[in-house]
Amino acid sequence: MDMTLILDFKCSGGLELLCNSVKIHNVSIDPENGVGKFIMKDLLSWVRSNLIKERPEMFMKGDTVRPGVLVLVNDCDWELSGQLDTTLEEKDVVVFISTLHGG
Amino acid sequence: MDMTLILDFKCSGGLELLCNSVKIHNVSIDPENGVGKFIMKDLLSWVRSNLIKERPEMFMKGDTVRPGVLVLVNDCDWELSGQLDTTLEEKDVVVFISTLHGG
Amino acid sequence: PSTFPHALSPDMIYRYSRHLLLPSFGVQGQLRLSKSSILVVGAGGLGSPALLYLAASGVGRLGIVDHDVVELNNMHRQIIHTEAYIGQSKVESAAATCRSINSTVQIVEHKEALRTSNALEIFSKYDIIVDATDNAPSRYMISDCCVVMGKPLVSGAALGLEGQLTVYNYNGGPCYRCLFPTPPPTTACQRCADSGVLGVVPGIIGCLQALEAIKIASAVGDPLSGRMLLFDALAARIRIVKIRGRSVQCEVCGENSEFKAAQFQEFDYEKFTQTPLSTSPLKLKLL
Amino acid sequence: PSTFPHALSPDMIYRYSRHLLLPSFGVQGQLRLSKSSILVVGAGGLGSPALLYLAASGVGRLGIVDHDVVELNNMHRQIIHTEAYIGQSKVESAAATCRSINSTVQIVEHKEALRTSNALEIFSKYDIIVDATDNAPSRYMISDCCVVMGKPLVSGAALGLEGQLTVYNYNGGPCYRCLFPTPPPTTACQRCADSGVLGVVPGIIGCLQALEAIKIASAVGDPLSGRMLLFDALAARIRIVKIRGRSVQCEVCGENSEFKAAQFQEFDYEKFTQTPLSTSPLKLKLL
Ligand SMILES: [Zn+2]
Ligand SMILES: [Zn+2]
C-alpha cells in the first residue's frame with residue numbers, strides 16, 4: 001500500500017479503561033482492502049485486534065460498537081456521516097464515548 | 001487580484017456592540033497589497049474601515065487593537081503567531097475578545 | 001404563580017435588576033421566566049446547583065422529585081443540603097434551601113420515587129423537565145414521559161471526572177431513545193456510588209442544566225438541542241459535538257410510534273435496562 | 001488544619017468516599033486537598049459556587065475576603081447568601097453557609113477590602129488564590145501579589161452572558177500582566193452593576209474555578225495554565241484557546257523585573273487603571 005493513515009482516536013466515559021486507561025491514541029494504519037480507502041468498519045476491526053485487550057464486549061457488539069457508545073468523527077455523530085461506512089481521511093479525529101448515567 | 005480571502009471573525013466580551021451586536025462575521029476580502037498575501041494588519045484596517053461604525057477607540061489604539069483585547073487566530077493567541085504580521089489564509093477563524101472583569 | 005402576571009413588582013425589579021439590564025434578556029426574559037414552571041428530577045449532585053440557580057433566577061414554580069434521604073457521603077457534592085438535614089428527606093432539605101435564598105418562588109415538594117404510575121401526573125404540572133437522576137432506567141423513563149407529554153428535557157450526567165449535557169425532545173430534536181435505542185449492558189452502567197465522582201463535576205454540569213432550562217423558559221439564546229457537551233475535568237477539555245436529529249424509526253418519538261400514555265404506564269423500565277430504578281436506602285445500609 | 005495529618009479519619013473516609021473511589025484522585029488526592037489552604041477573594045457571583053464546592057470537597061483551610069454586605073440585587077446569582085443575611089457581611093454569610101455544609105473545614109473570615117496594605121499578609125496564609133472579584137484594579141493587584149509571593153492564581157470573570165477562566169502564575173505560565181500589560185480604557189470596563197449578568201453564568205465559571213483550584217491543590221490533572229476558557233452562554237459555545245506564555249519583558253514577572261513586596265505595597269492600582277477598587281456601600285446607596 002502506498003498510503004498510511006494517521007489519525008487520532010479518543011476514548012472516554014469509561015471506555016479508556018479498556019485501553020490501559022489511555023484516552024488519546026495517535027495511530028498509523030495501513031489500509032488493507034487494497035483500494036486505499038479506509039472506513040470506520042476497518043478502524044473498528046483494527047481497534048478490536050490491536051487495542052482492546054480485555055472484555056471486548058464492553059466496546060463491540062457484533063461488528064459495530066455496543067449500545068450506549070456514541071461515535072464521533074470530527075466532532076460529529078457518525079449517524080450523520082454513514083456509520084460503519086464513514087470514510088476516514090488523514091488527520092481525522094475519531095472519538096468513542098460511553099454515555100454516562102451518574103449524577 | 002486573483003485571490004479573495006474568505007474568513008470568519010468573531011467579536012465578544014462586549015466588542016460585538018461595536019458591530020451592531022453581530023458576533024460572527026463571514027467576510028470575503030480582496031488583498032490590496034498586490035502580493036496576494038494578507039496579514040492581520042490588513043484585516044484590522046479592513047475591520048476599521050468597513051465594520052466599526054462608532055467609537056473606534058473601543059477597538060483600536062494606534063494601528064493595533066486597544067489594551068484589554070485578546071486576538072485569537074484559529075484558537076491561538078496572536079502573540080504566538082506574529083501579532084500584526086500573522087499571515088491569514090482561507091478559512092482561518094479570527095476572534096477579537098475583550099477581557100471581562102465582572103464577577 | 002406570580003401575583004404580577006403582566007409586569008414585574010418593584011421587589012422583583014430590584015432583585016433581578018442584573019437580568020433586566022441585559023439587552024438580550026431584559027424584562028421580557030424575566031417575565032417569561034417568572035411565568036414558567038420547571039421540574040428537577042433528583043436532588044443530588046446535579047440537582048443541587050440546578051435547583052439553587054433556578055430558584056435564584058426567579059422561575060415561577062420549581063418542583064423537586066426525590067425519595068432519598070441526605071447521607072454524609074452525599075455532602076462532598078450535594079451542596080444544597082446542610083449537615084443538619086442528614087438522615088432527612090432530600091426534597092425537604094433542598095426545598096428549605098431554595099426558599100431561604102428566594103422566598104418569592106413557589107417550591108413544590110414531591111417526596112416520592114418517580115415511577116410510571118406517578119410520572120405523567122407530576123410532569124403535567126411543569127413546562128420543562130430537568131433530568132438530574134443517576135441511573136439508566138430513570139433516564140429512559142423520563143425521556144419517554146417527556147415525549148408522551150411533549151415537554152423539553154434538559155439532561156445532564158456526571159461520573160468520575162467527566163460530564164455530559166444535552167437537551168432532548170425540543171423543537172423537533174431527538175429524544176434519548178433516538179440516540180440510545182438499545183440500553184447498554186448493565187456492566188457498562190457505572191454509578192457514582194460504585195465508581196466515584198469528583199464533587200464539582202456534577203456541580204458544573206448541574207449549573208449548565210440550569211442555564212439551558214432558563215434559556216428555554218425565557219426563550220433566549222440557542223438551547224443545546226442536536227448538540228451534546230462533553231466535559232473532561234482532568235484535562236480541562238470541553239467539546240460540543242453535533243448529534244443526530246430525531247429518528248423516524250424511533251420507537252417512542254418516531255413517525256409510526258404508538259407509544260402513548262397507556263404504553264408508558266405499562267412499560268417495565270427496570271426489565272428493559274436490567275437495572276433497578278433506585279437502590280433502596282435499606283439495601284444501601286446493608287452494604 | 002486536619003487533625004489526621006498522615007491519614008484520613010473514618011468520618012472523612014465516609015464523607016469523601018466518592019472521591020476516594022476515583023483511581024486518578026483517591027486517598028492521595030484527598031489527603032493533599034485536606035492539607036491545602038485556598039483563599040477566595042470575593043464572596044459574590046463567582047465566589048458563591050467556588051466557596052461551596054471548595055468547602056464541600058474538603059480543603060483544609062478556606063479563606064474568604066470581602067468587605068461588602070449582602071443586598072437583594074445580589075441574590076439572583078450569589079447563591080451562598082440567604083435572604084436572612086441581607087444587610088449583613090458577605091463574609092459572615094458565606095462562612096456560615098460553608099460551615100453548615102462541612103463543619104470539618106477551617107473557614108477563615110477576612111472582613112475587609114483587599115488592599116496593597118493587607119494583601120501580602122493575607123495571601124501568605126494560603127497556598128492557592130482564587131480571584132472572584134469584579135473590577136480591573138483588583139485583578140491587577142491580586143495577580144501582582146501572587147507573582148511577588150509565588151502563588152498560583154485561578155482567575156475567573158463573568159459579564160452579561162459570557163465568562164472567561166484561566167490559571168495565572170502557575171508552573172512557569174504567564175501572569176495577568178503578561179497578557180494585559182496596559183490597562184484597558186475605563187470605558188471598556190463594564191461591571192455587572194452597569195451591564196447586568198445572567199446569574200448562572202458566574203455560577204458556571206465559579207464552579208470551574210473551584211475545579212481548577214482542587215486540581216492544583218490535589219496535584220491531579222492538567223490545570224488551565226497557558227490556556228483560556230471562553231464561554232458564550234447564549235450560543236452554548238465553549239472554546240479553550242492557547243494563550244502566550246510568560247513574557248520575559250513582563251514588568252512584574254519578567255526576567256529583569258524589580259517588582260517585589262516593597263514595590264507592590266506602593267503601587268497605586270486605582271490610578272494605574274483609573275478605576276476605584278470598590279464602589280463604597282455609601283456611594284451605592286446614593287445612586
Ligand atoms: Zn426518539
Ligand atoms: Zn507577567
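The model is predicted. Chains C and D share the most contacts of the three pairs of chains in contact. A zinc ion (ligand 2) is held by four cysteines of chain D. Chain D also has an open sheet of eight strands.

**How the chains meet**

- Chain C can be laid on chain D by a turn of 180° and a shift of 0.0 Å along the axis, with an RMSD of 0.0 Å. That is how a two-fold axis relates two copies.
- In chain C, Ile204(C) has the C-alpha nearest the axis, at 2.9 Å from it.
- Of the interface residues of chain C, 100% are also interface residues in chain D, so the copies meet through the same surface.
- Chain A and chain B do not touch. Their nearest C-alpha atoms are 16 Å apart.
- Chain B and chain C are not joined by any contact either. Here the closest C-alpha atoms lie 10 Å apart.

**The zinc site in chain D**

- The donors to the zinc ion (ligand 2) are the SG atoms of Cys175(D), Cys178(D), Cys250(D) and Cys253(D), at 2.3 Å.
- The site is tetrahedral, with angles of 91 to 119° among the four donor atoms. For four tetrahedral donors, the ideal angle is 109.5 degrees.
- Along the chain, the donors of the zinc ion (ligand 2) are spaced C-x2-C-x71-C-x2-C.
- Cys175(D) sits in the loop between strand S6 (162-168) and helix H8 (176-179) of chain D. Cys253(D) sits in the loop between strand S8 (237-242) and helix H11 (261-266) of chain D. The pair therefore ties together parts that are 78 residues apart in sequence.
- Cys175(D) is buried because its relative accessibility is 0%, under the 20% cut-off.
- Cys253(D), at 11% relative accessibility, also counts as buried.

**The sheet in chain D and its helices**

- The eight strands of the open sheet are ordered S3-S2-S1-S4-S5-S6-S7-S8 in chain D. Their pairing is mixed.
- Strand S3 (106-110) and S8 of chain D are the edge strands, and each pairs on one side only.
- On average, neighbouring strands of this sheet are turned by 15° against each other, direction ignored.
- Strand S4 (residues 128-131) and strand S5 (residues 153-159) of chain D pair in the parallel sense, over three bridges. Val130(D) has Val154(D) in S5(D) as its bridge partner.
- Helix H4 (residues 47-57) of chain D lies across strand S1 (37-41) and strand S2 (61-65) of chain D. Helix H4 of chain D runs at about 165° to S2(D).
- Helix H5 (residues 90-101) of chain D packs on the sheet and touches S2 and S3 of chain D. The direction of this helix makes about 175° with that of S3(D).

**Lys90 in chain C**

- Lys90(C) lies in helix H5 (residues 90-101) of chain C.
- Lys90(C) has a relative accessible area of 5%, and is buried.

**Chain A**

- Chain A has one helix and eight strands. Read along the sequence, they follow the pattern β-β-β-α-β-β-β-β-β.
- Chain A has 103 residues, and buried residues make up 50% of them.
- Among contacts in chain A between residues at least 6 apart in sequence, 60% join residues at least 24 apart.

Technical notes:
Residues numbered from 1 in each chain as written. Chains lettered and ligands numbered in written order. Predicted model: local features only at pLDDT ≥ 70, side-chain atom pairs only at ≥ 80, totals over all residues. Heavy atoms only, no water. Least-squares fit on C-alpha atoms with pLDDT ≥ 70 in both. Contact = heavy atoms within 4.5 Å. Donors = N, O, S within 2.8 Å, 3.2 Å for Na, K, Ca; no water. Tetrahedral: all angles 85-135°; square planar, octahedral: opposite > 155°, others 65-115°. Helix = DSSP H or I, 4+ residues; strand = E, 2+ residues; numbered from the N terminus. Buried < 20%, exposed > 50% of the residue type's maximum accessible area, 1.4 Å probe, protein only. Pairing = 2+ DSSP bridges. Axes fitted to C-alpha atoms, helices over the stretch in contact; angles between N-to-C directions.
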